[in-house]
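Dear colleague,

Please find below the structure that I am handing over to you. My notes on it come after the sequence and coordinates.

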Amino acid sequence: MGRTLAQKTWDAHVVRRGGEGVGDDLLYIDLQLLHEVNTPQAFDRLRAAGRTVRRPDLTVGTEDHNTPTLALDRVIKDREGRRQAELMRSNCAEFGIPLHRFGDPGQGIVHVIAPELGLVRPGMTIVCCDSHTTTLGAFGALALGIGASQVEHVLATQTLPMRRPRSMAVDVTGTLPEGVGAKDLVLALIARIGTAGGQGHIIEYRGEGVTALSMEARMTLCNMTVEAGSRAGTVAPDETTFAYLSRCPGMPEGAEWEREVAYWRSLATDADAPWDRRVTLDAAALSPYVSWGTNPAQSVPLDGRVPAPAEFATPETRAAAERALEYMDLKPGTALREVTVDTVFLGSCTNSRIEDLRAAAGVLRGRKVADGLHMMIVPGSARVRRQAVEEGLDRVFAEAGADFRAGAGCSMCAALNEDRLLPGQRAASTTNRNFEGRQGKGSRTHIVSPSVAAATAVTGRLSSPADL
Ligand SMILES: CC(C)[C@H](C(=O)O)[C@@H](O)C(=O)O
Ligand code: SF4
């Protein structure tokens, strides 16, 4: 029987087969990524058990959630955040784990720096104490978010017991129209299948609409896979993947590279692989999407209107819609284009890569951010920032009146640093989560793509570049 890409990768990493009385499969982990949140407990327990880190050479840390963005010499104000960062530094030093500290050239959001540093290859098993680790599935890796106790297990043994997930194919037919991107595609998918639509499954994104996407766009797609409840998202490695990887540091060359590529190709899902679930989406029919509510499934086309609770099928979804409308202070029937915002945030592991900044700059060039609106742009990594400056995007942002920050990190995505919305403030945000208080207590978030974010910054109302 045929196997999927994820199943082949899984099988290649089983060090002890699970089963009756033995528990789950025990998987070998090729890479563990760490950030400062959720890891101090794991190190404490490791120390208490008298254990050490089995493979510090397969472990890499960065600082991202708490890092300031205003200047590189700024200290973390929040006490808990500062403590987490200090523990990250002392734990990594004690166990010999390489760490990209704030201010270092390789620092940034964990999911953004991993490919940049050449750490990610197809067919790898990758874990990180963070739900958006799914991002790295864009490379055909099996990339999973794990919890603190699992982090400890991987630190100690470089293995992880896991239940075999089910498989789900998302077939994307046609290609995305001009001005519509991976963010819109994934919001449309989640709006359709719901925040639990992928639960227990590994999603593989396939079809013309996916193979046409750049690596950055595939990362956006896989990033939000977890918002559909899925364990992981994957895209089969192809010429786009190989071209991207060939430019990453530390990749093999010559005959060794050819051997690797041949192996990567062999991972592609077999034609007769059975799927537990299949969903088809027509990319050509999509338009820009925005969220109106407090979960990513509460999203509609920007051309649409805020729905009424009565439009939802179940008592739960109706109640959720009612509550979301109240929290978001929106009235059913309002055109999304009439919704005004006071903040635009371009950043996060969903949309803070160079392509995202280029898309925003393309819209902002020769235009101005609306009076009284704050547009904040936080690069996903120090490297993205350097490249943006090399390309002159910093000047475009400055001339438009946008606030392009010096430090890279999660910033206003999760509001764990100083960057947050005030109660009642409303943002168009290129992030992935919009639950109550996500961007600060009482904050209201509309999830959008980078080009919608930039157009919205110009008009002050939810807009697409076509509206300018
Ligand atoms: C802090 C971290 C554990 C968390 C996650 O797992 O996703 C964060 O990155 C988020 O996006 O909410
Ligand atoms: S950018 Fe946001 S979603 Fe991504 S890891 Fe940071 S907090 Fe989580």
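Predicted model: local features only at pLDDT ≥ 70, side-chain atom pairs only at ≥ 80, totals over all residues.

Annotated positions

An unreviewed UniProt entry records the feature "binding site" at C349, C410 and C413. These positions are spread over 65 residues of sequence, yet they cluster in space, the largest C-alpha distance being 8.7 Å.

C349 belongs to the loop that runs between β15 (343-346) and α12 (354-364). C349 counts as buried because 28 other C-beta atoms lie within 10 Å, the threshold being 20 or more. Setting aside residues up to four places away in sequence, the contacts of C349 are I109, H111, V112, H132, T135, N223 and G380.

C410 sits in the loop between β17 (403-404) and β18 (426-429). C410 is likewise buried, since 31 other C-beta atoms are found within 10 Å. Beyond its neighbours within four places in sequence, C410 touches D64, H65, I109, S348 and L416.

Phi of S411 is near 50°, a positive value in a residue other than glycine. Most residues other than glycine have a negative phi. S411 is buried, because 32 other C-beta atoms lie within 10 Å.

What proportion of α12 is buried? Eight of its 11 residues are, so the helix is mostly covered. The buried residues are I354, D356, L357, A359, A360, A361, V363 and L364. They pack against α8 (215-223), β15, β16 (374-377), α13, α14 and α15 (450-459). After α12 comes G366, with a positive phi near 75°.

Helix α14 covers residues 393-400, and its axis comes within 9 Å of that of α12, the two crossing at roughly 45°. The two helices are therefore oblique to each other. The crossing of α12 past α14 is left-handed. On the α12 side the contact involves L357, R358, A361 and L364, and on the α14 side L393, V396, F397 and A400. By class, the residues of this contact comprise seven nonpolar, no polar and one charged. Of the α12 residues named in this contact, L357, A361 and L364 are among the buried ones.

Other residues

Q387 is located in helix α13 (residues 382-390). Q387 counts as partly exposed because it has 17 C-beta neighbours inside 10 Å. Between Q387 and P56 there are 331 residues in sequence and 30 Å in space, C-alpha to C-alpha.

Q158 is found in the loop between α5 (148-157) and β8 (159-162). Although Q158 is not a glycine, its phi is positive, at about 60°.

Yours sincerely

Notes: Residues numbered from 1 in each chain as written. Chains lettered and ligands numbered in written order. UniProt positions renumbered as here; feature names shortened; annotations may be inferred. Helix = DSSP H or I, 4+ residues; strand = E, 2+ residues; numbered from the N terminus. Buried ≥ 20, exposed ≤ 12 C-beta atoms within 10 Å, placed from the backbone. Contact = placed C-beta atoms within 7 Å. Axes fitted to C-alpha atoms, helices over the stretch in contact; angles between N-to-C directions. Parallel < 35°, antiparallel > 145°, perpendicular 65-115°, else oblique. Left-handed = near helix turned anticlockwise from the far one by under 90°. Nonpolar A, V, L, I, M, F, W, Y, C, P; charged D, E, K, R; others polar.
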